[in-house]
Amino acid sequence: SNFNKKINELKSEENKIYIENMAYNKIKEDAYQEKRVFVLMGHTERMEGKYVTFIEGIIPVREMEFQGNTPRWNNSTWSEIFREVRRLYEDMIIVGWAVDRKGMSLQWSPELERVHREHFGGVHQVLFLLDTIEQEEMFYIYKENKLISKDGFYIYHRARKKENSPIINEIRKKESEVKVEVEFLEEKPR
């Protein structure tokens with residue numbers, strides 16, 4: 001069936017992206033600002049020989065200047081972020097960033113790519129581009145010196161303390177939303 005085909009495609013997918021439910025909802029929650037930026041915290045690991053990015057927390061960037069539609073990072077922005085990292089996310093790494101630009105659809109631009117390259121040039125750092133008015137969203141990964149859109153991503157919720165594997169409760173695909181039966185990830189001790 002088409003459904004199984006989709007699931008198998010996703011299983012063999014390179015550079016899977018998993019985002020924790022609460023982090024996802026925080027990015028999506030209503031906010032009056034027209035443009036917002038977040039830093040994505042989490043970890044990466046290899047599963048079955050492929051890299052996987054886990055987004056486990058987010059840091060809203062409160063004082064972000066924009067030049068046109070492009071965020072301008074500067075030292076004071078970063079020092080605010082690193083303060084938050086030390087306070088809340090000591091055991092995680094920066095796995096990327098998110099930009100919500102309301103009503104702008106998902107316009108990728110060379111400026112955005114430049115910002116990504118300068119500030120998030122790490123091999124497994126991702127960009128999550130959103131337009132929360134149009135309800136559009138897309139992850140990009142940086143490959144061969146350019147940002148490439150991902151076909152979909154996984155939303156998971158953290159299992160209760162005694163089960164230590166995260167549970168996938170949703171797969172978001174570009175074309176359609178594919179709900180899956182609960183999928184357990186083999187959690188490797190970090």
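Reader: Which residue caps the N-terminal end of α2?
Author: Glu 20 does: one of its side-chain oxygens lies 3.0 Å from the backbone nitrogen of Met 22. Helices here are DSSP runs of H or I with at least four residues, strands are runs of E with at least two, and both are numbered from the N terminus. This is a predicted model, where local features need pLDDT of at least 70, side-chain atom pairs count only at pLDDT 80 or more, and totals for chains, interfaces and linings use all residues. Residues are numbered from 1 along each chain as its sequence is written, and side-chain values use heavy atoms, leaving out hydrogens and water.

Reader: Which residues of α2 are buried?
Author: Ala 23, Tyr 24, Ile 27 and Lys 28. Buried means under 20% relative accessible area, exposed over 50%, and partly exposed in between, with a 1.4 Å probe and protein chains only.

Reader: Where do they sit around the helix?
Author: Down the axis of α2 they fall within an arc of 130°, so they line one face. The arc is taken from the directions from the helix axis to the C-beta atoms.

Reader: Why does Lys 28 count as buried?
Author: Because its relative accessibility is 18%.

Reader: And what does Lys 28 touch?
Author: Leaving aside residues up to four places away in sequence, Lys 28 touches Leu 130, Thr 132, Gln 135 and Glu 137; contact means heavy atoms within 4.5 Å.

Methods:
A polar contact is a pair of N or O atoms within 3.5 Å; within protein, one must be able to donate a hydrogen and the other to accept it, and residues adjacent in sequence count only if both atoms are side-chain atoms.
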